Amino acid sequence: MRFYLYMTGICLLGVFQLGCGNSSGTPAPVRAIVAGQVKFNEKSIQSGQITFLPAKGPVAMGPISEGTYRIDWKGGVPVGECKVEILGYEDTGKEIIVGAGGKTEKETRQVLPAKYNTESTLSVTVEEGQENQRDFDLK
């Protein structure tokens, strides 16, 4: 009986160890908070999304609201060089049906050129140990 209790304890210890850390065995990336403003043709982007795609590490993204963004979830964006993709939306003035029962919401459209999102050449360096202010004044 003791043997079975001992083996159960060993198995549970192994399960707990597997649950700690990431599954690949590599250390989590060092991250830093990134915040800033986003403008297009000198006007703040009222609604959108900004995505940081690091050379190494996971993608980090966040919403743009009233021309500003702040990415601090899980410590922020992995440090180092990152490609940046930005989507900006504007209200079309129309209401669209989005669900059963006739639920509606305001229709929006993406207004930024592909060179800032799907074909982006934007990049920044995220530095360790500080909050990084990264503003984008897109033309």
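Predicted model: local features only at pLDDT ≥ 70, side-chain atom pairs only at ≥ 80, totals over all residues.

Visitor: How do strands E8 and E10 run, parallel or antiparallel, and how many bridges join them?

Guide: They run antiparallel, and 4 bridges join E8 (residues 80–97) to E10.

Visitor: Which residues are on the covered face of E10, and which on the uncovered one?

Guide: Val 124 and Val 126 make up the covered face, while Ser 123 and Thr 125 are on the uncovered one. In a regular strand, side chains alternate between the two faces of the sheet.

Visitor: Switching topic: is Asn 132 buried or exposed?

Guide: Buried, because its relative accessible area is 1%, and under 20% counts as buried. Asn 132 sits in strand E11.

Visitor: What does its side chain reach at 3.0 Å?

Guide: The side chain of Asn 132 reaches the backbone oxygen of Gln 130 at that distance. There's also a polar contact of 3.0 Å between the side chains of Asn 132 and Arg 134. Further along the sequence, Asn 132 is in contact with several residues, including Val 34, Thr 125 and Val 126.

Visitor: Okay, rings now. How many aromatic pairs does the structure hold?

Guide: It holds 2. In one, the rings of Phe 40 and Tyr 116 have planes at 75 degrees and centres 6.4 Å apart, so that pair is edge-to-face. Phe 40 is in strand E2 and Tyr 116 in the loop between E9 and E10, 76 residues apart.

Visitor: And Phe 52 with Tyr 69, what kind of pair is that?

Guide: Tilted, because their planes are at 40 degrees, with centres 6.2 Å apart. Phe 52 is buried at 0% relative accessible area, and Tyr 69 counts as buried at 4%.

Note on methods: Residues numbered from 1 in each chain as written. Heavy atoms only, no water. Buried < 20%, exposed > 50% of the residue type's maximum accessible area, 1.4 Å probe, protein only. Helix = DSSP H or I, 4+ residues; strand = E, 2+ residues; numbered from the N terminus. Pairing = 2+ DSSP bridges. Polar contact = N/O pair within 3.5 Å; in protein donor to acceptor, adjacent residues only side chain to side chain. Contact = heavy atoms within 4.5 Å. Phe/Tyr/Trp six-rings, centres within 6.5 Å; stacked < 30°, edge-to-face > 60°. Lists of a residue's contacts leave out its neighbours within four places in sequence.
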